[in-house]
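Here's a quick briefing to read alongside the sequence and the 3D view. Have a look at the picture, then work through the notes by topic.

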Amino acid sequence: MTSIADREGLSTSSDRVDHDVAALVVEEPGRFRIHSDIYVQPHIFDLEMKRIFGSGWVFVAHESMVPEPGDYTTTTLGRQPVIVSRDDQGVVHVLFNRCAHRGSVVCREERGHASSFRCPYHGWMYRNDGTLIGAAQRSGYPDDFESWGLRLAGAPRVEEYRGLIFANLDPDCEPLMTRLAGVKGYIDAWADRSPTGRVTVPTGSHRYEYPGNWKLQTENGVDGYHGNYVHESFANILERAGERKASEISRARNRVGSKNYAKGLARGDGLLEREDGMLGTFDASVYPEYKALLAERHGEERMREATTQRNIFIFPNLYLFESHIRVIRPVEVAKTYVEVYPTTLVGADAEFNAARLKEHQRFFGPASFGQPDDIEIFVCAQTGVNVEAMPWMELSRGLQREVLTEDGEYVGHSTDESPQRAIYREWRERMKPAGEAGTK
Amino acid sequence: MSVAMDASGNVTAVSRVEALLYMEARLLDERRLEEWLQLFTDDAVYALPIQVSDDPREPSLIRDSKAGMEERVSRTEESW
């Protein structure tokens, strides 16, 4: 295949681009490859913003960010700034953060409480449900101004499951629960780590920005293959602290036949699952009182299911980790923001939650021994994918040994690339031109 | 560095605190991290909060115990 870069200067009609996009994910018997253009080409990023983030269900906020009427938080739907606002009646809206007048954002805060938003440019005022309250110096507009229908437009569909709020810009989209059908059980297990089934997120988040494509983070959180290499120093930290032997960790990651899996689900979702814990970052068995409390609330079997360590990816922008909610925010083709919100388990005691936060910050914090090494790798990968003579990425690991279950899950060894393949099957489907794609 | 003295000519506590902070800065600048660790008592907490808040649920950039500080120094100093 000719790389799109080779054709620079030629016509890039939408037909041509669509054809190219379909050819960027190549699935053959025993082999799965993706083309580097998906990490470096701005026009592919533009299409992603339209077809993936501008359509379909996208995570916007956790309910604990907007618990009371009048609470709001700001984020982005792809590149489009939005306000997630709980109006005075308690209904959550996802409003475009864009004045109907001249385009300025009307809210510049990350989080807060307000019954209205006032545009900083010319003072137009909007209620927290998006209704235009009024234009400043109204007499400059004609009598029928109120009939123009000006307001903060928003996502026509906003739905929530277990505190996770999603938005969809397509008014005719499928219900959220249809979209989440394949991953629902895992979301439930994640939420049931809390004795009450509820979690909250704090005011502050760990936020990082890296000069690389957003998909590098999507692939990495379900990658059980890189730990022995990227996180070798963390294994040494644990050995030094007398918690685990580095050689044991390495062997545990490699072992075949353990109850550790990488799973690719329908719709681009996937997970990394390790029944024996996450090799040092957090181990529920160290907290017997917590496990007993969970067993009392949810039953023994449910407790085991809930305390299995999982990194759950929900396409296209959400991760649920044991300790946190992670949101991927594409900014440019090679620029990404990631928001990490450590969770508090409502109903677990404060000391236990503090211990979880401490363990979290040891591996996932911005000055920790884990996450910064991943970010360094994103930069390495974003640099390398500019090599045009070697345009293909191999995502074939474990294709020959993974199993497709009756539930439609591709289950591989925990180091296999089954989840990444699920991401790119969905990516290919969603990037098809309108009319060809399946249900959104 | 000037030294503040009280009316009796004693070096004041302020001066001793200043001297300690200068010493800490020097040890960090010269990357003498093992010596830097020795400035701290065993119950030290080295914290870089995100929010100015005492809420223990709020994340920090760094919130190290003495053991955590030692871990950080060893990770920084050794080539792993």
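Predicted model: local features only at pLDDT ≥ 70, side-chain atom pairs only at ≥ 80, totals over all residues.

Residues are numbered from 1 along each chain as its sequence is written, chains are lettered from A and ligands numbered from 1 in the order in which they are written, and side-chain values use heavy atoms, with hydrogens and water left out.

**Where chain B meets chain A**

- Chain B puts 17 residues into the contact and chain A puts in 20 residues, with contact meaning heavy atoms within 4.5 Å.
- About 1700 Å² is buried between chain B and chain A, and carbon and sulfur atoms give 56% of that; buried area is the accessible area (1.4 Å probe) that two parts lose on being put together, summed over both.
- Two salt bridges are counted between chain B and chain A, a salt bridge being a side-chain nitrogen of Lys or Arg within 4 Å of a carboxyl oxygen of Asp or Glu.
- R362(A) and E71(B) form a salt bridge, and their closest N and O atoms are 2.7 Å apart.
- Eight residue pairs are in polar contact between chain B and chain A, both residues at pLDDT 80 or more. A polar contact is a pair of N or O atoms within 3.5 Å; within protein, one must be able to donate a hydrogen and the other to accept it, and residues adjacent in sequence count only if both atoms are side-chain atoms.
- On the side of chain B that touches chain A, the elements giving two or more residues are β2 (60–65) and α3 (66–77) of chain B. Helices (H or I, at least four residues) and strands (E, at least two) are DSSP runs, numbered from the N terminus.
- β2(B) gives the most to that side, with five residues.
- Sorted by class, that side of chain B has six nonpolar, four polar and seven charged residues. Here Ala, Val, Leu, Ile, Met, Phe, Trp, Tyr, Cys and Pro count as nonpolar, Asp, Glu, Lys and Arg as charged, and the others, Gly among them, as polar.

**Salt bridges across the structure**

- Over all chains, the whole structure has 39 salt bridges.
- R79(A) and D46(A) meet in a salt bridge at 3.0 Å, N to O. R79(A) sits in the loop between β4 (71–77) and β5 (80–86) of chain A and D46(A) in helix α3 (residues 42–51) of chain A, so the pair ties together parts 33 residues apart in sequence.
- R79(A) is partly exposed at 43% relative accessibility, and D46(A) is partly exposed at 38%. The cut-offs: buried means under 20% relative accessible area, exposed over 50%, and partly exposed in between (1.4 Å probe, protein chains only).
- R207(A) pairs with E110(A) in a salt bridge, their closest N and O atoms being 3.1 Å apart. R207(A) is in strand β14 (residues 206–210) of chain A and E110(A) in the loop between β6 (92–96) and β7 (111–113) of chain A, so this pair ties together parts 97 residues apart in sequence.
- In chain B, D42(B) and K66(B) form a salt bridge with the closest N and O atoms 3.6 Å apart. D42(B) is in the loop between α2 and β1 of chain B and K66(B) in helix α3 of chain B, 24 residues apart.
- D42(B) is exposed at 68% relative accessibility, while K66(B) is buried at 11%.
- R162(A), K184(A), D188(A), D192(A) and R302(A) are linked in a network of salt bridges.

**Helices and a buried loop residue**

- Helix α1 (residues 13–29) of chain B has 17 residues, and its buried residues are S15(B), E24(B) and L27(B).
- Among the elements covering those buried residues of α1(B) are α2 (33–37) and β1 (45–49) of chain B.
- Just after α1(B), R31(B) has a positive phi of about 55°.
- Helix α8 (residues 232–240) of chain A has S233(A), F234(A), A235(A), I237(A) and L238(A) buried. The buried residues of α8(A) pack against α9 (246–254), α12 (350–363) and α13 (371–384) of chain A together with α3 of chain B.
- N97(A) lies in the loop between β6 and β7 of chain A and is buried, with a relative accessible area of 4%.

Methods
Expected span 1.5 Å × (residues − 1).
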